[in-house]
Amino acid sequence: MSQTKTELLQGNLYINGEWISEEEQTYFESINPATQELVGTCAAAMASQVDDAVKAASTAYSHWKNTSIPERAAFLTKAAELFEDRKEELAQVMTKEMGKPLTESIGEVGVVIATAQYMAGEGRRLFGEIVPAGFPDRDIKMVREPLGVVACITPWNFPVSLASYKMFAALIAGNTVVWKPASEVALSAKIFMEVLHAAGLPKGTINLLTGSGRIVGQKLATHSEVKIISFTGSTEVGQQLAEMSSKTLKRISLELGGKNAVIVLKDADLDKAAEGIIKSAFTTTGQRCTAASRVIVERSVKEELLKKVIALTKEMKVGNGLEQGVVIGPLVNEQQCRLVEDYVQKAVEEGGNIAFGGRALSELGTCYYMPTIIDNVHSNHTIAQEEIFGPVLAFIEVNGYEEAMSVNNGTMYGLSTSIYTSSLHYASRAAKDAVSGLVYINNGTSNAEMGVAFGGMKMSGNGHREVSHHAFDVMTEWKSVYTNY
């Protein structure tokens with residue numbers, strides 16, 4: 001059903017506690033990838049407005065860092081209640097903007113609520129240390145201190161949960177925030193910010209800048225008053241931000257891409273493995289950093305596993321994420337759909353065989369692509385090395401555990417590894433041998449939980465972690481206090 005003009009949404013900037021739109025403001029469109037209908041328009045921040053937002057956050061910092069932690073926590077607890085009230089509305093807008101099924105979007109808002117509650121509780125556990133002194137009549141303590149303004153730069157695939165990981169950790173620690181969401185989901189960000197505004201956070205504590213990464217992202221990365229950059233996105237952009245931010249010695253946390261694998265040994269429960277594989281590979285249409293894009297399987301069980309995976313994939317309904325029963329929505333835009341097509345064509349050129357899928361679903365719209373399974377892939381093929389960010393799964397045959405782990409570790413990424421086996425020996429070895437920040441035994445590659453450190457190794461990140469109390473290693477710094485008496 002097409003929208004009327006009155007149903008269209010408009011997103012402005014949120015700076016110093018107010019919704020801002022200047023006379024010379026330009027706007028960009030948010031398009032529903034499922035229908036190509038206009039969802040609404042969003043303000044494109046100008047360089048001067050980036051300065052305004054950072055100034056507001058910097059000014060608010062002195063008050064916010066001296067606000068008691070229980071009081072900071074109360075704001076997050078209130079926000080959790082308000083997100084519950086607007087869960088359906090926010091989920092609907094997310095699905096319209098980036099395409100994921102509504103059930104996934106509703107689940108994502110649930111993650112936001114859980115994160116607010118978790119970080120509110122973690123405020124009481126921002127513990128310091130008491131250190132024995134080497135001299136008489138002296139006490140030594142070490143305490144965590146906030147740093148100042150945190151720039152949070154987030155992607156479109158998880159529009160609000162990734163923002164909550166960053167922003168709520170920053171806020172409870174005593175920092176203030178300037179948030180730059182991906183342009184594809186700017187209207188979802190507007191609703192998110194409306195909830196935080198309603199929770200009563202002081203002016204300037206949080207600020208929203210939508211628009212160009214070239215203007216907003218780069219200026220935040222080089223701004224002298226921004227003390228921390230927390231970024232989730234592609235490895236290429238992460239490298240650029242790290243280079244730009246280095247001139248002002250910013251702390252930077254990077255959660256980047258992945259080329260995640262499910263290893264299946266011959267003693268595995270193949271039914272459970274097949275179920276875990278398709279959920280990891282095709283949820284969010286494969287557009288997640290922890291998506292499984294490789295199955296590394298022992299040769300003796302490959303054909304049986306492949307048949308099971310294909311059978312389950314055939315049952316997955318592709319369509320508009322707002323329609324009941326749809327489990328795979330469109331890709332985020334036409335450009336991403338063409339990119340997936342190019343990767344599949346390259347895989348065939350390099351010797352891969354399309355076992356299922358392998359084509360755009362133009363009869364549904366311009367952004368739909370079939371969940372695709374490619375067999376006869378070798379570890380050095382392009383499709384086995386590069387992140388695709390689409391519903392494409394490569395099967396790679398190996399002769400045993402040693403070769404499987406070598407193939408798993410043989411990319412520049414190191415985010416998530418899964419292994420299916422009934423052997424305690426191989427499960428234990430995989431936990432040690434996998435060069436990845438996340439390792440799952442008899443589970444898919446994409447099943448993180450609250451309170452558990454999340455992040456990658458190698459080119460999947462720069463060593464920092466989110467989702468747990470380990471986020472405070474980014475959001476605070478240590479101060480050592482010596483008292484002689």
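Aspartate 137 is partly exposed, with a relative accessible area of 44% (buried means under 20% relative accessible area, exposed over 50%, and partly exposed in between, using a 1.4 Å probe and protein chains only). This residue sits in the loop between strand E6 (129-131) and strand E7 (138-146); helices (H or I, at least four residues) and strands (E, at least two) are DSSP runs numbered from the N terminus. The model is a predicted one, so local features need pLDDT of at least 70 and side-chain atom pairs count only at pLDDT 80 or more, while totals for chains, interfaces and linings use all residues. Residues are numbered from 1 along each chain as its sequence is written, and side-chain values use heavy atoms, with hydrogens and water left out.

Back to the backbone. Aspartate 137 is not a glycine, yet its phi is positive, at about 60°. Most residues other than glycine have a negative phi. Lysine 458 is another non-glycine residue with a positive phi, this one near 50°. Its place is in strand E21 (residues 457-458), and lysine 458 is partly exposed, with a relative accessible area of 35%.

On to the helix packing. Two packed helices are described by the angle between their axes and the distance between the axes. Helix H3 (residues 87-98) and helix H6 (residues 186-198) have axes that come within 8 Å and cross at roughly 165°. Here, axes are lines fitted to C-alpha atoms, for helices over the stretch in contact, and angles run from 0 to 180 degrees between N-to-C directions. H3 and H6 are therefore roughly antiparallel to each other (angles under 35 degrees count as roughly parallel, over 145 as roughly antiparallel, 65 to 115 as roughly perpendicular and the rest as oblique). The H3 helix passes H6 in a left-handed crossing; a crossing is left-handed if the near helix is turned anticlockwise from the far one by less than a right angle, and right-handed if clockwise. On the H3 side, Glu89, Leu90, Val93, Met94 and Glu97 meet Ala186, Leu187, Ser188 and Ile191 of H6, where contact means heavy atoms within 4.5 Å. By class, this contact has six nonpolar, one polar and two charged residues (Ala, Val, Leu, Ile, Met, Phe, Trp, Tyr, Cys and Pro count as nonpolar, Asp, Glu, Lys and Arg as charged, and the others, Gly among them, as polar).

H6 also packs with helix H2 (residues 69-85), at an angle of about 130° and with the axes 9 Å apart. H2 and H6 are therefore oblique to each other, and H2 passes H6 in a right-handed crossing. Ala79, Leu82 and Phe83 in H2 meet Phe192, Val195, Leu196 and Ala198 in H6. The class count for this contact is seven nonpolar, no polar and no charged residues.

Helix H3 also holds lysine 87. Leaving out residues up to four places away in sequence, lysine 87 touches Ile106, Val109, Gly110 and Ile113. Its C-alpha is 9.2 Å from that of glutamate 108, which is 21 residues apart from it in sequence.

Threonine 235 is found in helix H8 (residues 235-245) and is buried, with a relative accessible area of 6%. Apart from neighbours within four places in sequence, threonine 235 is in contact with Leu256, Gly257, Tyr413 and Met459. Leucine 254 belongs to strand E12 (residues 251-255) and is buried too, with a relative accessible area of 8%. Not counting residues up to four places away in sequence, leucine 254 touches Phe231, Gly238, Ala242, Ser460, Gly461 and Asn462.

Glutamine 218, in helix H7 (residues 213-222), counts as partly exposed at 36% relative accessibility. With neighbours within four places in sequence set aside, glutamine 218 is in contact with Gly213 and Met244.

As for the cysteines, the structure holds zero disulfides, a disulfide being a pair of cysteine sulfur atoms within 2.5 Å. For cysteine 42, the nearest cysteine sulfur is that of cysteine 367, 17 Å away. Cysteine 42 is buried, with a relative accessible area of 1%. Cysteine 337 also has the sulfur of cysteine 367 as its nearest cysteine sulfur, here 6.4 Å away. Cysteine 337 is buried, with a relative accessible area of 4%.
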